[in-house]
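Hi,

Here's the structure I said I'd pass along. Have a look, and my notes on the charged pairs follow below.

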Amino acid sequence: MRNLTIFALYLIFFPVVLEAQQNSEGKENETARIEIAARSDQESYRAIPCGSSGAMIFFKSVEIADPQHVKWYFSWYDKDLKQVWVKSLPLLSDLDYRYNRISADTLYLAFIYKGKQKSEDQPLEIIRIAIRSGNFIPNLSKVPANTEPVFFQVLQRNVYLALNQKNGQAAVEILDLSSNHAKGFLIDQQIPSIFQWFRADSVTSELKIIVTKMITKKETEHWYEVFDTTGKVRSAIKITTINEDRDFTGFKAVSNGKGEEMVIGTYRLKGGSSSKNKEPDGSTGVFTSILSSGSQKNLNFNNFLEMKSINSLLSAKDFLDLKKKALKKSKNIGEYSVDFSVLLDEPIEKDGHFIQVTEVYNHQYHVENFTDFDFYGRPFTNSYSVFDGYRFTGALITAYSSDGQLLWDNALEIRDLLSPDLNPKVVSRCLGDNILLAYSTGGKIGSKIIRNAEVVGNLEFSKVESKYPDDKLVTETRSGLLAWYDQFFLCFGFQEIKNVDLESNNKRLVFYLTKVKFEE
């Protein structure tokens, strides 16, 4: 059984200041924990782990700095979750946080435009924070109108933004933080394109990308391209399925240690038989391919249904029905598709092999009914569907050799995780020969330990302790788990808590942050 240890420090939130509070109720057995009072779970609190240096909490306040700016508050904590400093910074009111990167002792935060005016160049602000001193260096710039930043990377003094545009012309914007000078280029001057993957190489400073190009309304092509910082193409490789019975649905890439790029992604069968739970963006399985010397090689497709761990992600009845259907039509199970909606995490290198975590989710709706009246005043019942969020159901873990061959697969069951946001929920950490997989939901942390295809520790749930022993969790929303440093993680979210034993404040809504250590 693994041991989960909780650490933290209490905070209470007053309109514009985060302030430390030490055991204010005199409870000797209070669990250490950060709590910030909230009015709703739509407030903009964010937590960013920054390695063993510490962690940042920041939020957009309601305090007006001037007619165009509002104040954001930033609070820095060391690795023991002791508050070091609190500072505020006015930002344009139409900006909202989107990306972060950390390099050495500097945290980079990207704030993008969320206003309604789209016809003009849009403001973009990069905030550099020296985390030990708390010094702020803002860089206000602009990006072209009708663009959406989809990738953000920092390399030395430059910020690289990959922009998808509504007119289909994908572009790269490069901001020199020293001079605040920006330059950029289009990926293709003629053919509409969208980014699928992006990386600025820290050694060569080359920009490596995967884009989808819309040749016609019905025909697309996928390309791996390498650019220099002036926009000159250094190399280009078309990524194809070889035959026409499959489509690619997602891409990641990683250097395989041999001077080659290994693409790991997802695909779907084109026009083939599908399961009854077909999703419009569903995937059939995972593929790998090696890009080397200007060409594509070692293309491999692995159907989810042919993996050993599929029973953890698909009910026994659904899997048996598909097998019967295939047998009846004298087909292989690999000719069918479960049509999973999936989210690809970043590949992890371990002992020369590459681990890919693919999270499975579905779109959850509920039906609401209301009474309406026809022209003659007669009542009738009408109904409509309401989107609840993304229901995460599991994660598939696959390992590949440096040549892209599937070595083993495993799975993590995800329970009771409904999220309004489509971002990765599973964190993974290599612990010697083992791999820890974990996620947060409903005031608990679910975790599982695997060693390759073997399950070392079954799925277990550990309660995240609250502030007082008699606290009762009513609801938890927008929660998550973040890898921090070594075996430490940060658990966060909004919680509505009830405690009838308290004389005051016996029902509270808080944003919380807890330090968690996993031990086998």
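To start with a question: is Lys238 buried, partly exposed or exposed? Lys238 comes out at 35% relative accessibility, so it counts as partly exposed. Keep in mind that this is a predicted model.

Lys238 has a partner, by the way: it forms a salt bridge with Glu221, with 3.3 Å between the closest N and O atoms. That pair links distant parts of the chain, since Glu221 is in strand β19 and Lys238 in strand β20 (residues 233–239), 17 residues apart.

The side chains of Glu225 and Lys213 meet in a salt bridge at 3.1 Å, N to O, and both residues are buried.

Then there's Glu35 with Arg508, another salt bridge, at 3.1 Å from N to O. Glu35 sits in strand β4 (residues 34–37) and Arg508 in strand β38 (residues 507–519), so this pair ties together parts that are 473 residues apart in sequence. Glu35 counts as buried because its relative accessibility is 4%, and Arg508 counts as buried at 8%.

Those two residues also belong to a network: salt bridges that share partners join Arg33, Glu35, Asp471 and Arg508.

For the overall tally, searching the whole structure turns up 29 salt bridges, and the pairs above are among them.

Cheers

Conventions:
Residues are numbered from 1 along each chain as its sequence is written. This is a predicted model: local features need pLDDT of at least 70, side-chain atom pairs count only at pLDDT 80 or more; totals for chains, interfaces and linings use all residues. Side-chain values use heavy atoms; hydrogens and water are left out. A salt bridge is a side-chain nitrogen of Lys or Arg within 4 Å of a carboxyl oxygen of Asp or Glu. Helices (H or I, at least four residues) and strands (E, at least two) are DSSP runs, numbered from the N terminus. Buried means under 20% relative accessible area, exposed over 50%, partly exposed in between (1.4 Å probe, protein chains only).
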